[in-house]
Amino acid sequence: MPASAAKQPLPLQRSPSGSRSAPTLLKWGSLTEMNAPNASDWVSFRQDLHRHPELGFAVERTADKVSKALTEMGVEVHRGIGKTGVVGVLRRGNSDAAIALRADMDALPIDEIKGRDHRSEYAGKMHACGHDGHTAMLLGAAEQLVACTEWEGTIVFVFQPAEEGIGRGNLDPDAVDAPRCGGEAMVRDGLFERFPVRAAYALHNWPALPVGTVAVRVGAMMAATDEIEILFEGRGGHAAMPDEACDPVVAMAHFVVAAQTLVSREVAPAEAAVVSLTQIETRGTRASNVIPGSVLLRGTVRSLSLATRALLHRRLREQAAGVAATFGCKVHVTIDEGYPPTINAPRPAGIAERAARRLPDVQVRTDLPPSMGAEDFSFLAQAVPGAYLWLGQADDAHTAKLHSPAYDFHDGVLDTGIALFCAIVREEARSSVRSVD
Ligand SMILES: [Zn+2]
Ligand SMILES: [Zn+2]
């Protein structure tokens with residue numbers, strides 16, 4: 001346990017009415033500087049999480065540690081939301097205003113490279129996306145906000161499992177409509193009905209940006225990601241007698257070419273999208289002198305808006321049906337919808353940008369294009385207005401990309417992340433003061 005977290009928590013006040021139905025505005029008593037973040041206490045905590053990575057929804061040890069830390073700070077803890085999600089609630093004063101700050105807790109099924117002191121102790125599991133750092137940062141921010149008496153309202157600290165989507169369906173293996181990930185599971189489990197907020201915020205360490213950089217933008221920050229499977233069914237036969245068969249390979253090949261026009265000819269030029277057809281599998285034979293009966297094609301579709309996503313899904317189906325009809329085949333299209341696009345709403349994005357600009361020695365970028373990667377904060381940002389930020393972590397000692405076996409979270413950016421979460425709370429308060437004026 002970090003030493004400073006053991007200090008006596010300040011008494012917290014609850015809303016006298018107990019009513020949470022109509023969140024109003026967070027407000028600060030004054031706008032003086034917050035306590036300087038003390039990140040060093042959280043480095044060992046982060047490295048302990050790194051040594052003990054957990055996957056998907058099976059993050060019991062991490063959730064225990066998070067719950068214990070919050071409890072010791074005096075933060076009210078709710079567990080078991082989205083199976084292993086943890087929610088900490090910190091209330092102060094008489095305001096019913098509320099915002100959510102979110103971190104993810106899960107790791108990846110990767111073997112970490114050797115030679116690191118705090119290397120993963122679990123074979124085949126590794127914090128290769130820095131969620132150990134996100135969890136430590138949010139706890140560090142909670143510690144700061146417990147110690148700070150200059151605000152009123154409610155802060156909901158959301159610690160979610162399964163951001164990486166591993167274990168989809170393991171809440172109920174038989175459920176056809178199982179949550180795709182921890183963010184969706186927590187939202188479906190009533191996260192924002194139980195803890196209503198006016199905005200939600202999250203950040204992700206970003207190895208493409210140097211230390212001391214914060215990036216945020218209004219609109220799409222991360223893409224929607226959907227997996228597609230297209231099965232062309234023809235009629236197999238002897239390769240020397242194609243007139244007696246119906247060749248699904250030819251149909252599939254025409255479809256692959258046609259699908260290249262979806263982005264180039266149908267998506268608006270200023271919109272970004274990706275259609276990548278990545279795997280081709282003939283069914284029933286591997287012989288070169290046999291026309292197979294069917295061919296399975298797999299790929300991924302990425303988009304930055306729900307409208308583009310819907311367009312691509314519709315046109316993929318139409319093109320597949322058209323090509324199949326042209327060549328006398330049948331076709332079955334399966335689209336496995338993954339995460340929706342992560343869209344930053346204007347108000348919280350503006351709050352986050354102003355918060356970042358108030359931090360010393362931080363360069364704020366609002367000019368970067370969105371990433372075509374995906375992020376399950378999107379489910380929270382669909383439920384309430386949200387903002388998702390990138391926090392630079394690249395320097396000479398931290399060059400590895402996310403999901404690389406050489407990756408490690410940069411402990412040197414913990415303090416910036418803590419300060420950023422706190423500054424967001426403070427900026428919410430400042431905007432409230434302005435709006436009251
Ligand atoms: Zn990841
Ligand atoms: Zn991640």
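Which residues touch the most other members of the largest nonpolar core? Ala142 and Phe157 do, in a core of 87 residues. Let's start there and then move on to a sheet and its helices.

## About the model

This is a predicted model, in which local features need pLDDT of at least 70 and side-chain atom pairs count only at pLDDT 80 or more, while totals for chains, interfaces and linings use all residues. Residues are numbered from 1 along each chain as its sequence is written, and chains are lettered from A and ligands numbered from 1 in the order in which they are written.

## Two nonpolar cores

A nonpolar core here is a set of buried Ala, Val, Leu, Ile, Met, Phe, Trp, Tyr and Cys residues joined through C-beta atoms within 7 Å. Buried means that 20 or more other C-beta atoms lie within 10 Å of a residue's own; exposed means 12 or fewer, with partly exposed in between, and C-beta atoms are placed from the backbone.

In the largest core, Ala142 and Phe157 touch the most other members. Helix α10 (residues 414-436) gives the most to this core, with 10 residues. Helices (H or I, at least four residues) and strands (E, at least two) are DSSP runs, numbered from the N terminus. Beyond its neighbours within four places in sequence, Ala142 is in contact with Leu70, Met73, Val75, Gly88, Leu90 and Phe157; contact means backbone-placed C-beta atoms within 7 Å. A second, separate core has 23 residues, among them Ala251, Met252, Ala273 and Leu312.

## A four-stranded sheet

Now to an open sheet of 4 strands, in the order β11-β13-β9-β14, with antiparallel pairing. Its edge strands are β11 (273-283) and β14, each pairing on one side only. From one strand to the next, the twist averages 15 degrees. Strands count as paired if DSSP finds at least two bridges between them.

Strand β9 (residues 224-233) is largely enclosed by the rest of the structure, because 7 of its 10 residues are buried. With β13 (residues 294-303) it forms 10 antiparallel bridges, and Thr225 stands opposite Arg302 there. With β14 (residues 330-337), β9 forms 8 antiparallel bridges. Phe232 faces Val331 across that pairing, and Glu229 has Thr334 as its bridge partner.

## Helices across the sheet

Helix α6 (residues 248-266) lies across β9, β11 and β13, at about 175 degrees to β11. Helix α7 (residues 306-327) lies across β9, β11, β13 and β14, at about 165 degrees to β14. Axes are lines fitted to C-alpha atoms, for helices over the stretch in contact, and angles run from 0 to 180 degrees between N-to-C directions.

Technical notes: Two residues are in contact if their C-beta atoms, placed from the backbone, lie within 7 Å.
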